[in-house]
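Welcome, and thanks for taking a look at this one. Here is a short briefing to read alongside the sequence and the model.

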Amino acid sequence: MSVATESGATGYRPSRTMPVWAEVRRQASRRRTQLALGFMAVLPLIVLAAFEFGGGEDEESGGAFDSLVGLATSGGLNFALFCLAVSAGFLLVVVVALFCGDTVASEASWGSLRYLLAVPVPRARLLAVKLIVALAYSAVALLVLTGVALIAGTLRYGWNPLGSTVAAEIAPGPGLLRLLAIVGFLAISMLVVAGLSFLLGVLTDAPLGAVGGAVMLWILSSILDQITALGTIRYLLPTHFSDAWMGLLSTPAQVDDLVKGAISAIAYATLCWGVAFWRFTRKDVTS
């Protein structure tokens with residue numbers, strides 16, 4: 001492999017090895033991809049059915065989440081917002097960790113990783129293609145959830161203003177823009193999970209360990225963020241600004257924490273991906 005590469009074998013171009021679209025098709029054929037995207041599409045319908053057949057309303061406790069529940073059936077925008085709110089804390093984390101943590105670790109567990117490198121596919125390119133496709137499927141999962149929730153909610157509850165628990169209602173047009181901004185922020189905040197799971201997927205040959213490890217680290221960070229005794233240390237936690245999207249529901253929109261959260265997420269993800277590339281290009285791949 002090294003002789004052919006160093007001598008520049010006729011017709012060999014590193015940029016043509018492992019095309020992105022080939023990896024997209026390959027991941028699309030996997031059962032975990034189909035189940036993950038399918039569940040993201042079905043979840044809003046399950047929530048809708050729960051609202052329809054759930055019986056009478058319970059007394060509200062006055063919390064922010066209870067307010068969102070009360071607003072969920074007041075329009076398609078509010079229903080989509082509710083679905084995003086209930087998914088952001090755990091479901092989205094699991095789905096992103098699944099796509100990004102499993103992509104390299106599964107190849108190692110199957111014993112096919114060394115054969116990919118023997119094609120030869122440059123290690124940096126293999127890792128880059130895997131990461132790009134994993135991020136793309138993570139984004140598709142988020143868009144599927146939002147799109148199905150918005151369509152189903154609008155068909156059932158109508159196209160009404162976006163309700164807010166902290167300010168006046170937002171007209172449907174601007175409300176849609178606010179909802180898309182929330183989706184964008186959630187996508188950026190999930191980069192932390194993508195970075196952690198991808199790094200763990202490079203460090204281990206066990207896909208479950210990479211996915212579960214990233215989810216556990218996210219949960220641990222969320223728990224530590226609730227401990228006020230930590231003071232300003234909590235600002236360094238990757239989950240500290242995970243709920244900053246709520247600032248988009250106020251009038252005018254509060255974007256300070258959104259900017260801080262985006263910078264924090266990008267910084268953590270970049271660090272994790274940098275370590276992953278550094279480690280993978282130097283490790284002895286035997287599986």
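How much accessible surface does the chain have, and what share of it belongs to carbon and sulfur atoms? The accessible surface of the chain comes to about 14,300 Å², and 67% of that belongs to carbon and sulfur atoms; accessible areas here come from the Shrake-Rupley method with a 1.4 Å probe, and for residues only the protein chains shown count as cover. Please keep in mind that this is a predicted model, in which local features need pLDDT of at least 70, side-chain atom pairs count only at pLDDT 80 or more, and totals for chains, interfaces and linings use all residues. Residues are numbered from 1 along each chain as its sequence is written, and side-chain values use heavy atoms, with hydrogens and water left out.

**Overall fold**

- The chain has 12 helices and 0 strands, where helices (H or I, at least four residues) and strands (E, at least two) are DSSP runs numbered from the N terminus.
- Along the sequence, the pattern therefore reads α-α-α-α-α-α-α-α-α-α-α-α.
- Of the 287 residues, 44% count as buried; buried means under 20% relative accessible area, exposed means over 50%, and partly exposed lies in between (1.4 Å probe, protein chains only).
- Among contacts between residues at least 6 apart in sequence, 79% join residues at least 24 apart, a contact being heavy atoms within 4.5 Å.

**Annotated transmembrane regions**

- An unreviewed UniProt entry places the feature "transmembrane region" at residues 35-56, 76-105, 126-159, 179-203, 215-237 and 257-278. UniProt positions are given in the numbering used here, feature names are shortened, and annotations may be inferred rather than shown by experiment.
- In the model, residues 179-203 are 96% helix and 0% strand, with the end C-alpha atoms 36 Å apart.
- Residues 257-278 are 100% helix and 0% strand, and their end C-alpha atoms lie 31 Å apart.

**Helix H5**

- Helix H5 covers residues 76-88, and its 13 residues reach 18 Å from the first C-alpha to the last. That is close to the 18 Å expected at 1.5 Å a residue, the expected span being 1.5 Å times one less than the number of residues.
- H5 is mostly covered, with 12 of its 13 residues buried. Among them are Gly76, Asn78, Phe79, Phe82, Cys83 and Ser87.

**A salt-bridge network**

- The model has 7 salt bridges, each defined as a side-chain nitrogen of Lys or Arg within 4 Å of a carboxyl oxygen of Asp or Glu.
- Arg26 and Glu23 form one of them, at 4.0 Å from N to O. Both residues lie in helix H2 (residues 20-28), 3 residues apart, about one turn of the helix. An α-helix has 3.6 residues a turn, so residues three or four places apart point the same way.
- Arg26 counts as partly exposed because its relative accessibility is 33%, whereas Glu23 counts as buried because its value is 3%.
- Lys130 also meets Glu23 in a salt bridge, at 3.1 Å from N to O. This pair links distant parts of the chain, with Lys130 in helix H8 (residues 123-157) and Glu23 in helix H2, 107 residues apart. Both Lys130 and Glu23 are buried.
- Arg26 forms a salt bridge with Glu107 too, the closest N and O atoms being 2.3 Å apart. Here Arg26 in helix H2 is joined to Glu107 in helix H6 (residues 91-110), 81 residues away. With 1% relative accessibility, Glu107 counts as buried.
- Through shared partners, these salt bridges join Glu23, Arg26, Glu107 and Lys130 into one network.

- Thr33 is found in helix H3 (residues 31-53) and counts as buried because its relative accessible area is 2%. Leaving aside residues up to four places away in sequence, Thr33 touches Gln27, Ala28, Phe99 and Tyr137.
- Ser138 belongs to helix H8 and counts as buried, with 10% relative accessibility.

**A nonpolar surface patch**

- Phe90, Met216, Ile219 and Ile223 form a nonpolar patch on the surface, with about 400 Å² of accessible area together. Patches are made of residues with over 30% relative accessible area and no salt bridge; like charges are joined within 9 Å, and nonpolar side chains (Val, Leu, Ile, Met, Phe, Trp, Tyr) within 5 Å.
- Ile223 sits in helix H11 (residues 207-225) and counts as partly exposed because its relative accessibility is 49%.
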